Amino acid sequence: MQVQIQALNSSHDCKSFDCGTPALNRWLATMAGQQQRKNISRTFVLVETAAPETVLGFYTLSVSEVSRGSLPNPHRLPERVPVVRLGRFAVQAALQGKGLGERLLLNALERIVEISQNAGIAAVVVDAKDARAADYYRRFDFVAAPDTPLQLFIATQTLQQAFRRVAGSASG
């Protein structure tokens, strides 16, 4: 299956998406487009190249800030810290466990690294819906907040270094 990730647009069929979590299905079908038009968030969808209207998975990015104390390593940071929130992350139920979520996550992190070249972003934050989701993010070096185990962070600097290493090994 050839897939690609696109910015959400009106040609995507969001109403047929089913990840097994009704709240996420409903949000994609009713709120994603509205929030995008209002510049509140951006949604990116995974589609099959042969059927680009069918949404196989999605994630949302928005700009946010957190208090220094909520970060796993708050040293030498201002009281309010700029972050990008990775939210509303889901894959079609029938396709879960096939690596598409990882592809979406890596695409999101790559976009965030690109954004961080032009704007100050200290970290990426994700609010996991449960312990299983938190464990998923930990596999990618996200670290839980000190007092909120379902809120996880990864420093933008860590991402920048990782992507530089990958780019260096690909060119060498």
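Analyst: Happy to! In helix α4, the residues A133, A134 and Y137 are buried. Looking down the axis of α4, these buried residues fall within an arc of 100°, so they line one face of the helix. Please keep in mind that this is a predicted model.

User: What do the buried residues of α4 pack against?

Analyst: They pack against β4, α3 (100-116), β5 and β7 (151-155). The face of α4 turned away from that buried side carries the exposed residues A131 and R132.

User: What makes D130 a cap for α4?

Analyst: A side-chain oxygen of D130 lies 3.2 Å from the backbone nitrogen of R132. A polar contact needs N or O atoms within 3.5 Å, and with that distance D130 caps the N-terminal end of α4.

User: Why is the pair D135 and R138 called a salt bridge?

Analyst: The closest N and O atoms of D135 and R138 are 2.8 Å apart. The cut-off is 4 Å between a side-chain nitrogen of Lys or Arg and a carboxyl oxygen of Asp or Glu, so the pair qualifies. Both residues lie in helix α4 (residues 131-138), 3 residues apart, about one turn of the helix. An α-helix has 3.6 residues a turn, so residues three or four places apart point the same way.

User: Why are D135 and R138 called partly exposed?

Analyst: Buried means under 20% relative accessible area and exposed means over 50%, with partly exposed in between. D135 has 44% relative accessibility and R138 has 35%, so both count as partly exposed.

User: How many salt bridges does a search of the whole structure find?

Analyst: The search finds 4. One of them joins the side chains of E65 and R80, at 3.2 Å from N to O. This pair links distant parts of the chain, with E65 in strand β3 (residues 51-67) and R80 in strand β4 (residues 80-91), 15 residues apart. E65, at 42% relative accessibility, counts as partly exposed, and so does R80, at 41%.

User: How do you know that D127 forms a salt bridge with R85?

Analyst: Their closest N and O atoms are 2.5 Å apart, and the limit is 4 Å, so the pair meets the definition. D127 sits in strand β5 (residues 123-127) and R85 in strand β4, 42 residues apart, and the pair links distant parts of the chain. D127 has a relative accessible area of 43%, so D127 is partly exposed.

Notes. Residues numbered from 1 in each chain as written. Predicted model: local features only at pLDDT ≥ 70, side-chain atom pairs only at ≥ 80, totals over all residues. Heavy atoms only, no water. Helix = DSSP H or I, 4+ residues; strand = E, 2+ residues; numbered from the N terminus. Buried < 20%, exposed > 50% of the residue type's maximum accessible area, 1.4 Å probe, protein only. Arc of directions from axis to C-beta. Contact = heavy atoms within 4.5 Å. Polar contact = N/O pair within 3.5 Å; in protein donor to acceptor, adjacent residues only side chain to side chain.
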